[in-house]
Amino acid sequence: MLFIVPTPIGNLEDITFRAIRILKEADLILAEDTRTSKKLLQHYDIATPLKSYHAHNEHASIDYLIEQLQEGARLALISDAGTPGISDPGFLITRACVQQGIPVECLPGATAFVPALVASGLPCDKFHFEGFLPHKKGRQTRLIYLSELPHTFVLYESPHRLLKCLNQLESFCGAERMACVARELTKVHQEIKTDSLKKLLEHFGQKKIKGEIVIVVSGKN
Ligand code: SAM
């Protein structure tokens, strides 16, 4: 059985009792960055062996891991933060398990886009999750598509690209379109600011931007 286990996006308390039990009982934990995950596992006294599983070795690892699962191993997949498979490795092994009839259990838990979307105060009855925009090729096509969506959309962005991204959103969606920048969610310096794109640019243009960021943009009209 493959368990997909969400881990905190900042605050170490944001992990479920079940997630801790599954991580303790697993034969092996597949982790994106074993050094990062060791800190979390030590905090919760989890002594399960770790194996590295990340974007650069996931293709090559699949056959071996499927063999292990078919022999009855209980594997738990975690990423550096949040839910594996959401802008993180996880899709390929899940698809392989589904194709091979190996049960997959994804635990509910931490992910960055849900608190950003819900706390933004922008409509969240319908939404589109975009994740990271391509840096160069295809970026403009995605921005045109997003700017026409009738419902709220959600982007992941790095701090050093925030202003570029807000500027482009302003060009494609208009200066008065409402949006939210959710920064450092669940951490000490959490900041959640909802305003027009124009006002957000003024606000974030005046300071050094640090930390992890989710951008939520309301739909057209
Ligand atoms: N798997 C994760 C999830 O479930 O949200 C996402 C992993 S993705 C590689 C990392 C991105 O998620 C960051 O660049 C940022 O956009 C967003 N993110 C992660 N933690 C965050 C936090 N505490 N506050 C704001 N955004 C965060």
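This report describes the ligand site of a predicted model.

Local features need pLDDT of at least 70 and side-chain atom pairs count only at pLDDT 80 or more, while totals for chains, interfaces and linings use all residues. Residues are numbered from 1 along each chain as its sequence is written, and side-chain values use heavy atoms, without hydrogens and water.

The ligand is surrounded by 19 residues, each with a heavy atom within 4 Å of it. Ile86, Asp88, Thr111, Tyr156 and Ile213 are the closest. By class, the shell holds 10 nonpolar, 4 polar and 5 charged residues; Asp, Glu, Lys and Arg count as charged, Ala, Val, Leu, Ile, Met, Phe, Trp, Tyr, Cys and Pro as nonpolar, and the others, Gly among them, as polar.

Polar contacts (pairs of N or O atoms within 3.5 Å) to side chains are tabulated here.

| Ligand atom | Side chain with the N or O atom | Distance |
|---|---|---|
| nitrogen | Asp88 | 2.8 Å |
| oxygen | Tyr156 | 2.6 Å |
| nitrogen | Glu212 | 3.3 Å |

Of the 570 Å² of accessible area that the ligand has on its own, the protein covers 91% (Shrake-Rupley method, 1.4 Å probe).

Domain 1 (2-106) and domain 2 (113-217) each contribute at least three shell residues, with domain bounds from an automatic or database assignment.

Conventions. Polar contact = N/O pair within 3.5 Å; in protein donor to acceptor, adjacent residues only side chain to side chain.
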